[in-house]
Amino acid sequence: MELQVDDKIAYVATGGRVFDPNLETVVFVHGAGQDHTIWVLPTRYFARHDRNVLSVDLPGHGRSEGHALNSVEDMADWVVRVLDTAGLQTSAVVGHSMGSLVALDAAARYPDRVRAVAMVATSVPLPVIDKLLTTSKANDHAALEMLTLWGYSPSAHIGGNATPGMWMTGGGIRLLERNAPGVLHADLVACNNYVAGLERAEEVSCPVLLVLGKRDAMTPPRATGDLSRKLRDVQTVLLTGSGHALLSERPDEVLDALIRIV
Amino acid sequence: MSTPNNYKFDTLSLHAGQQPDSATGARATPIYQTASYVFRSADHAASIFNIERTGHVYSRISNPTNAVLEERISALEGGVGAIATASGQAALHLAIVTLMGAGSHIVSSQSVYGGTHNLLAYTMPRFGIETTFVDPRDVEAFRKAIQPDTRLVFGETLGNPGLEVLNIPEVAKVAHEAGLPLLVDSTFTTPHLCKPLELGADLVYHSATKFIGGHGVAIGGLLVDGGIFDWEASGKFPTLTEPYDGFHDLDFVEEFGPAAFITRARKEGIRDFGACMSANTAFLILQGLETLPLRMEKHIENTRRVVQYLKDHDAVEWVRFPELPDHPDFELARTLLPRGCGAVFCFGIKGGRAAGQGFIERLELFSHLANIGDAKSLVIHPASTTHHRMDAQALEAAGISSGLVRMSVGIEDPADLISDIEKGLRASQKV
């Protein structure tokens, strides 16, 4: 459905069901250069299991108007404005990669609005290598290729997709190709510049779930040690064999983990 | 972070889509010869039916053996996903019915496989889908043939049997300017020689019966979605952009993004029309696909030797093969098909129809049958077989003369092939 946020269309997918504010809400936030479609399976599940689903396209992504926001904090503020526009007081917030930082930040700065957080394929901080920043700034297709190559485990580059007949890395790169120039770079800069994450983690009072991939080369599990220690109420699910693209590589296991907290 | 390496084509041909079997450790792809699959619980069953979880429900819709083949061809073509069908014809039909209904129109190359021509010219009109056929070399003709109700532009990488090289980039431009996708039949080329998606096509299909399977043992088709075409921006494809009653108002573009087309094709087309591939067939085609790069190189090498031999032979009037400088698409072929123009070509024997018949009937090693792309060498006379339903005008329009002989050169020892041809040519001139 479309909402008007900041005088612009904000697209939120509702898992194929009608928006129902009487149910407990879950907001899903995608990663850098992506859109709501990465969440198609879990959003369809929760929409049919007593949850009100809002899977956002951040500004400048997917079907949402506007320019990509410049910081994780701005994205978190925007997510809360989406809740305001939809007339919702509280929500669980689930984020993948960059989206996980948004979820964390929203929970820290808006504790009365976020009842639970799931951070899928995360690390705090989330630095981005110079090569990726420079190629994405140039809107060079090589940036998409790097993200696709590093974003999946070695096994996923062979395949064996849980979704029959679908080539994981093919779908991944096609989604990234849909971005307008500058969007991916803005997202990567936002990730790289998010330095307040560990401080924010100390401020989070709601339960937090970390869902990590053991073969994640972009946000390796070993980089979440400080995050885990800073969070007051945290549980971690480590999925063996999976890379950063957990939603593609282990969709059912990610869903099983989310069910615990959402 | 070190620079990542991507697996190359030859490796993907062997491995893509398959991990060692989790239940048994089997290295080869198991043949999941099962009609259906047990659910863990009622909720699990519902979740798979409702596309909330992954999994298999019924082998008409998806099967683990087929899934390996589907992933593999997607990887090799550079697509987002694929569906294995009962035949190449079924793959073409699936593409058409996923995109359009009665009252729609297709612009197609006129130089296409006889079965394709049948489907488009005679059968689909009964269901309200008409086709205009155009000269594949005339890009403007594609443009002029587009009507308000056109929903697809179609051609073959190499025309059958005229071997016209389709100018995929230019035809794709014409299609896209009209908000239409380009579907390309890449049966003659396979992804080893041509990747239509990289040249601008949106959808690709194969008769996997041919070079992909490579051994003439199984009938099958493969339809690949490039995941590139913007169905929403086109505004002409309500099957993909509007709620679908047959699946609880699912809007495929909205929920699946780049995978909208192939998801609809599976959730509706394969489900309802049912032209699925059997698991055993998928296994057989996978066996062939594993050696696609090796076989295609041998096919090309042998074809070049046979073509050169025929070109120099007194009993041969002409040879039509895009790698020959006198072929109208020689330069275009060098650009679009730099690795070679495949293993199918045509030639005309002096003495016309009777000489052609005499030639074919003398051959021992070349098999006279209706197929191409077998590891074994094949030969046929199209006017009396694959294109026999076309009238004289249609044959001429498709570039098929009565004496035309089509060869599909296999991977035998080339000396043996040439020896066989020599005997055939001698016999042809005694008729």
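**View 1. Surroundings of Val79(A) in the predicted model.** Beyond its neighbours within four places in sequence, Val79(A) is in contact (C-beta atoms, placed from the backbone, within 7 Å) with Val27(A), Val29(A), Val56(A), Val93(A), Val102(A) and Ala106(A). Val79(A), Val93(A) and Val117(A) have the most contacts inside the largest nonpolar core, which has 209 residues. A nonpolar core is a set of buried Ala, Val, Leu, Ile, Met, Phe, Trp, Tyr and Cys residues joined through C-beta atoms within 7 Å; a residue is buried if 20 or more other C-beta atoms lie within 10 Å of its own. Helix α3 (residues 98-109) of chain A gives the largest share of this core, 8 residues. Helices (H or I, at least four residues) and strands (E, at least two) are DSSP runs, numbered from the N terminus. Because this is a predicted model, local features need pLDDT of at least 70 and side-chain atom pairs count only at pLDDT 80 or more, while totals for chains, interfaces and linings use all residues. Residues are numbered from 1 along each chain as its sequence is written, and chains are lettered from A and ligands numbered from 1 in the order in which they are written.

**View 2. Helix α4 (residues 130-137) of chain A.** Leu132(A), Thr135(A) and Ser136(A) are buried in this helix. The buried residues of α4(A) fall within an arc of 100° seen down the axis, so they line one face of the helix; the arc is that of the directions from the helix axis to the C-beta atoms. Their cover includes α5 and α7 (183-193) of chain A. Just after α4(A), Asn139(A) has a positive phi of about 55°.

**View 3. Open sheet of 7 strands in chain B.** The strand order is β1-β7-β6-β5-β4-β2-β3, with mixed pairing; two strands pair if DSSP finds at least two bridges between them. At the edges, β1 (81-85) and β3 (129-134) of chain B each pair on one side only. Strands β5 (residues 182-185) and β6 (residues 203-207) of chain B run parallel, joined by 3 bridges, and Val184(B) stands opposite Val204(B) in β6(B).

**View 4. Open sheet of 5 strands in chain B.** Here the order is β8-β9-β12-β11-β10, again with mixed pairing. β10(B) and β11 (residues 378-380) of chain B pair in the parallel sense over 2 bridges, with Ser367(B) opposite Leu378(B).

**View 5. Contact between chains A and B.** The contact takes 32 residues from chain A and 37 residues from chain B. On the side of chain A, the elements giving two or more residues are α1 (40-47), α5 (141-151), α6 (168-177) and α11 (251-261).

Notes: Contact = placed C-beta atoms within 7 Å. Buried ≥ 20, exposed ≤ 12 C-beta atoms within 10 Å, placed from the backbone.
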